[in-house]
Amino acid sequence: MKTGKELKPGTVIKLENDPWLVQKAEFTKSGRNSAIMKTKLKNLLTGYKTEIVYSADDKLEDVILDRKEATLSFISGDTYTFMDTTDYTMYELNAEDIEAVLPFVEEGMTDVCEAIFFEDRLVSVELPTTIVRQVDYTEGSARGDTSGKVMKPAKLKNGTELSVADFVEIGDWIEIDTRDGGSYKGRAKV
Amino acid sequence: MKASWDIFCSVVDNYGDIGVTWRLARQLVAEHQQGVRLWVDDMRAFVPLCPEADAGAARQWQQGVEVCQWPAQWSATEVADVVVEAFACKLPEGYLQAMKAREKPALWINLEYLSAEDWVSGCHGLPSMRPDGLKRMFFFPGFTPDTGGLLREADLLQRRHAFEQDPQAKQAFLQGLGVHAHSNARLISLFAYENTGLASWLDAMAAGTGPTHLLVPQGRIMGDLLHWLGIEQLPLGTVEQRGALTVQALPFVRQEDYDHLLWSCDFNAVRGEDSFVRAQWAGRPLLWHIYEQEEDAHWVKLNAFLDLYVKGLSPQAALAFTGLWHTWNAGADMAQSWNSVLQHWPEITAHARRWCLEQSLQADLAQALVLFYRNWI
C-alpha cells in the first residue's frame, strides 16, 4: 500500500484493476495540518490521462514494478531513447511520460537513471536524487554574497530555470536535488 | 428537484467545523429546498451555535435540518444522494460500505478548507478515485470564480444593509448584550486565539486619542485579556476602563447574532474560517488570526489572501494593513502597526466595502454545490 503523500512520478497504482502511472505529483498543504496531492495519471492499458486529487493519508494499492539501470542515449524530437546498461536494449519514452523529470533531462547527460517497467514495458524513468548540471547563463553576483543564502535565477543548457546561490557563475557545475522538483544544493566539484 | 444530503462534521477543535457545516446545512434547506441530515460527532460544540439544540439527543430537527449524533458505533443508514465529508473528516466504514452497495451512486464530496492560494483553483472539482471503486470529488471554497466560492445567504447583504440603515435596530441589539458605548467610540469586536501581541494592542488603544470600546465574546483570548487588565475574571456585561479603552466581555452568541455584532462594529478581529468569512460580508475592516499550522504553512495562506485583498489599496495603506496582520499573527508588538492602520482608516474602511461587493458578485458555496450536483447527475 502507498499513501497519497508517497505518490511520486513513476509510481504505478491500481484503480479498478487498471494500472495507472503517476506522471506528475504536486504536494500542497491544506488546512489544519492536512495535505493533498494533486496527480496526473495515465492508464497504462488504455493510454487515457486524467488529473486526480488525493488526501495525504489516502491509502492506495501500488503495483510492484521492475526497475533497471538505464542511461539516456539520445533525444529525437519528443522521443527520449534510454539504454539498459546491462544488456544494451534500447527503450523509447515520450516527453509526457517523463514530464516530472524532463526539466533535468538533457542531451549528453551521463546519469545512471532508474528505468521503471510494467509488464516488460518501460513506462517511466527516475533520475538519481542528486544530479550535476552546468549553468548556461546567470547574471553576475549583485551583492558579492558568499554565504549561499542569497539566491538568483540561472538557466541550464536545456533552458530550465532555477534559483542558485548568488556566487554561482556561468559555466559552473551545480548539484541539484531532484526529489523536490529541482532545488539547488550547492556548487559541484567536477 | 429535492435531493437528500448527508453532511458529516467531526469537531476537531473550536467551532470552525460545526460553524461551517451548520451554516451550509441551513442554507441548503432554506434556499435550495434540499433535505439535509447533519451528522455531528460532538453535539456540545453545536449547542452554543444553536442554543435550542439538545446536546443529548440522538436525532433532532433544527431550522429544517435533521441534526444527528454521529455515533461511535455506526448503525445502518440509508445513503443520501449527496454526501459531504467536511474537511476530510473520514466517513464511517459502515457508511462507505452502504455507498458501495447503493444502486445509484451517491455524489461524494470532500469539502476542503478555505484558502486563497493559487493551487486551489487547479484542484477544485477534481475527482479522487479509490481502489474500491468509490469516487470522491474535491470541492474547494475560495475567493475567485474558478473555486467553489464562499458561504453567503442570498439575502445576507440586504439584511446587513437594512440593519445598518436602522440605528434603532443596532442600538437595541447592543443594548440586548448590555453594551452602552460612547456615541463617538470606535467599536471593535475581538475573537481570536491566544495572542502575545494583545497587550501591546490594548496599550495602544488605551493610549489613543479617541475612545475605543472593545467587545470580546467568550473564547480563547480571554486569558490574555484578563492578564492585561490585571483581574481574575471579567463577568459578562461588566465594563473595565483603561485610559481611552473600554473593555467588555460578551457571551458566545449564536451565528445570527454574531453577524449583528460584526455589522455593529467599526473593526472586527476574527479567527479561523467561519468568522473570517462573516467579517468579510460585514464590509468592515478586519484582522484575521489564522489557524497556526506545522512548518508555518499558515503564513503562505495568510499572505495569499493578503495578496488578493490589498489589490486596489494605495501602497501605503496596503503596507499598513499587511503589517497589522503580520504583527498580529506573529504575536508581536502591535502599537506601531495599529497606529499605521489608523492613519489610513477611511481608505481601508472603503476598501472593505468594495471587497465585500466584489466577492458577492460570485456564486456562493451552497449554490455552487447544488449546481455541481445537478451537473453531476
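**A two-chain model, by question and answer**

Reader: In E8(A), which residue is the bridge partner of A:Ile75?
Author: Start with the two strands, E7 (residues 66–76) and E8 (residues 79–84) of chain A. Strands (E, at least two residues) and helices (H or I, at least four) are DSSP runs, numbered from the N terminus. A:Ile75 has its bridge partner in E8(A), and that partner is A:Tyr80.

Reader: Thanks! And what kind of model am I looking at?
Author: Residues are numbered from 1 along each chain as its sequence is written, while chains are lettered from A and ligands numbered from 1 in written order. Side-chain values use heavy atoms, without hydrogens and water; local features need pLDDT of at least 70, side-chain atom pairs count only at pLDDT 80 or more, and totals for chains, interfaces and linings use all residues, for this is a predicted model.

Reader: How many bridges link E7(A) and E8(A), and in which sense, parallel or antiparallel?
Author: Two strands count as paired if DSSP finds at least two bridges between them. E7(A) and E8(A) run antiparallel, and the number of bridges is 6.

Reader: Which residue in the turn of that hairpin has a positive phi?
Author: E7(A) and E8(A) form a hairpin with 2 residues between them. In that turn, the residue with a positive phi, about 60 degrees, is A:Gly77.

Reader: Let's turn to where the chains meet. How many residues of chain B are in contact with chain A?
Author: Contact here means heavy atoms within 4.5 Å. On the chain A side, 23 residues take part. On the chain B side, the count is 28.

Reader: How many salt bridges are there between chain A and chain B?
Author: A salt bridge needs a side-chain nitrogen of Lys or Arg within 4 Å of a carboxyl oxygen of Asp or Glu. Over all chains, the structure holds 40 of them. Between chain A and chain B, the count is 5.

Reader: Which strand of chain A gives the largest share of the side that touches chain B?
Author: One salt bridge pairs A:Lys29 with B:Glu295, with closest N and O atoms 3.1 Å apart. Strands E2 (12–15), E3 (18–29), E4 (35–43), E5 (49–55) and E6 (59–62) of chain A each supply at least two residues of this side. The largest share, 5 residues, comes from E5(A).

Reader: Why does the pair of B:Asp17 and A:Arg32 join two chains?
Author: These residues form a salt bridge with closest N and O atoms 2.8 Å apart. A:Arg32 sits in the loop between E3 and E4 of chain A and B:Asp17 in helix H1 of chain B, so the pair joins two chains.

Reader: What distance separates the C-alpha centres of the two domains of chain B?
Author: Domain 1 spans 4–150 + 363–376 and domain 2 spans 155–361, with bounds from an automatic or database assignment. Across their boundary, 23 residues of domain 1 are in contact with 25 of domain 2. Their C-alpha centres lie apart by 29 Å.
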